[in-house]
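Trainee: I have a structure open and would like to work through it. Shall we start with the rings and then turn to the ligand?

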Amino acid sequence: MNTDITRASAAEIADALGRKEISAVEVTQAHLDRIAAVDGQVHAFLHVDADGALASARDIDERRAAGEELPVMAGVPIAVKDVMATKGIPTTCGSRILEGWVPPYDATLVTRLRAAGMPILGKTNMDEFAMGSSTEHSAYGPTRNPWDLERIPGGSGGGSSAAVAAFEAPWAIGTDTGGSIRQPAAVTGTVGTKPTYGGVSRYGLVALASSLDQAGPCSRTVLDAALLHSVIGGHDPLDSTSINAPAPPVVEAARRGDVKGMRIGVVKELGGEGYQAGVRTRFEESVQLLVDAGAEVVEVSCPSFDYALAAYYLILPSEASSNLAKFDAMRYGLRVLPEGVDDPSAEQVMAATRDAGFGDEVKRRIILGTYALSSGYYDAYYGQAQKVRTLISRDFEAAFAKADVLLSPTAPTTAFKLGEKLDDPMAMYLNDIATIPANLAGVPGMSLPSGLAEEDGLPTGVQILAPATEDARLYGVGAVLEKLLTDRWGGHLLAQAPDLTAKGA
Ligand code: GLN
């Protein structure tokens, strides 16, 4: 194993802990030291809970010393996107409106992390209420891509992916409503999975668009993603949309890894025009590697995917406008009194607070969603978008009749420069063109690093999609592809990322 524990995978750390070669306190402290050394540059974290993380690490060490049988991943620390409610740890969703809010309860997913004995290092930066593809919409300043600090780490979960790529955490929790786990994974050279909708509990996940939101793992290896997926997945009676079945056998699939005789569907509509040349080259190479390993390639067409972005940007704002109505200055966080009003009404306080507490992108979507849901326009916009959603699900059904998994580039480009797309919402929305269909249909998807683009030397990602509840297929194919690509690139891609502690980095 690597002598620097922060470079080890979560699975390797768990093995070392199990063999008592290292203590949970040492592992946690090493990551806290790394955060102290590099997070000034990366800004992956909004809040670091050093005391809490060390206390749970100490607890694990004591229980291990007492001979207690511990969960396999006990003592491996983790970072959590700031959209998950964490008892006693501030939760802001990257928004001013929740500044200072300390949840009185844990999200189910967080309860499971704690039960698995994972020290929580802190909360990661994100676009405000998970709206964005660059983490620049965070009210607390952007996160930077560890590959190039002048570039974005993807979004909305840029903090989680950057933390993992910068070795500040072995792994992290993200959420994916339209691509926010997969797109940041692609542009940071890491792995990310959006599970089947309902596969991971949404209880305590601050809702953006309830019919699309899904939490999942961010990691550096496919096996680590599977190990984390199996900890957080499975039925939760507190979430009425939770699938009433055990978590799928993702760890077995990741360990086995097999593609022989598998039919890999390449989606005609996800590629070609609008995709950077280097992204396309790396994607074609991944397809070829799978063919060489014994898979069969079929081309599939999903014509309704061309309308996915338009449908998503009606459905998401509609649900968001309703979900965000609860931030009314009365229940949580910020309260702003209107200026020059002696005896303000509740409405006036609410308006002043929402004006001051929400950023531009959030306001844009609330206005759009309210409009789309208004009685005169409901059928023309929201109703039509729901019909498109059905057509997209049918496209997936037809495609999965011909192929076991589908493959596409995850994001159309590599990481762009900070500020480049900030004033152009449409350009920003286009980053999720390949990831959004999976959210609309509820099917699972994974992104893994497919190498560096020739023209800019930045990471690219390949996306694997599977039918609903068949999450294990992502890991079976992902493990094989990861091995082939690791051989192709002479080791983990992140070994080629710049050293953030070097002078002048
Ligand atoms: N970038 C997409 C959006 O802005 C996806 C966000 C997400 O998955 N949370 O809505």
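Trainee: How many aromatic pairs does the count come to?

Mentor: Keep in mind that this is a predicted model. Rings pair if their centres lie within 6.5 Å. By this rule the count comes to 13 aromatic pairs.

Trainee: Take the rings of Phe-129 and Phe-358. Is the pair stacked, tilted or edge-to-face?

Mentor: The centres of the Phe-129 and Phe-358 rings are 6.0 Å apart. Planes over 60 degrees apart count as edge-to-face. These planes stand at 70 degrees, so the pair is edge-to-face.

Trainee: How many residues apart in sequence are the parts that this pair ties together?

Mentor: Phe-129 lies in the loop between strand E3 (120–124) and helix H5 (158–165). Phe-358 lies in the loop between helix H11 (346–357) and helix H12 (360–373). The pair therefore ties together parts whose separation in sequence is 229 residues.

Trainee: Which residues does the cis peptide bond join, and where does Ser-156 lie?

Mentor: Look for an omega of about 5 degrees. That cis bond joins Gly-155 and Ser-156. Ser-156 lies in the loop between E3 and H5.

Trainee: What is phi at Lys-20?

Mentor: Find Lys-20 in the loop between helix H1 (10–18) and helix H2 (24–42). Lys-20 is not a glycine, yet its phi is positive. The value is about 60 degrees.

Trainee: Now the ligand. Which helix gives the largest share of the shell around the ligand?

Mentor: The ligand is surrounded by 16 residues. Among the closest are Gly-178, Tyr-312 and Asp-432. By class, the shell has six nonpolar, seven polar and three charged residues. The largest share, three residues, comes from helix H10 (residues 308–323).

Trainee: Which residue has a side-chain N or O atom 2.7 Å from an oxygen atom of the ligand?

Mentor: A backbone N or O atom of Ala-130 is 2.8 Å from a nitrogen atom of the ligand. In Ser-133, a side-chain N or O atom lies 2.9 Å from a ligand nitrogen. For the ligand oxygen at 2.7 Å, the residue is Arg-365.

Trainee: What percentage of the ligand's accessible area does the protein cover?

Mentor: The ligand sits in the largest cavity. On its own, the ligand has 290 Å² of accessible area. The protein covers 100%.

How values were computed. Residues numbered from 1 in each chain as written. Predicted model: local features only at pLDDT ≥ 70, side-chain atom pairs only at ≥ 80, totals over all residues. Heavy atoms only, no water. Near = heavy atom within 4 Å. Polar contact = N/O pair within 3.5 Å; in protein donor to acceptor, adjacent residues only side chain to side chain. Areas by Shrake-Rupley, 256 points an atom, 1.4 Å probe, with all protein chains shown as cover. 1 Å grid on protein atoms, 1.4 Å probe; cavity = no way out; pocket = protein on both sides within 12 Å on 5 of 7 lines; lining within 4 Å. Sits in = over half its atoms within 2 Å of the grid points. Helix = DSSP H or I, 4+ residues; strand = E, 2+ residues; numbered from the N terminus. Nonpolar A, V, L, I, M, F, W, Y, C, P; charged D, E, K, R; others polar. Phe/Tyr/Trp six-rings, centres within 6.5 Å; stacked < 30°, edge-to-face > 60°.
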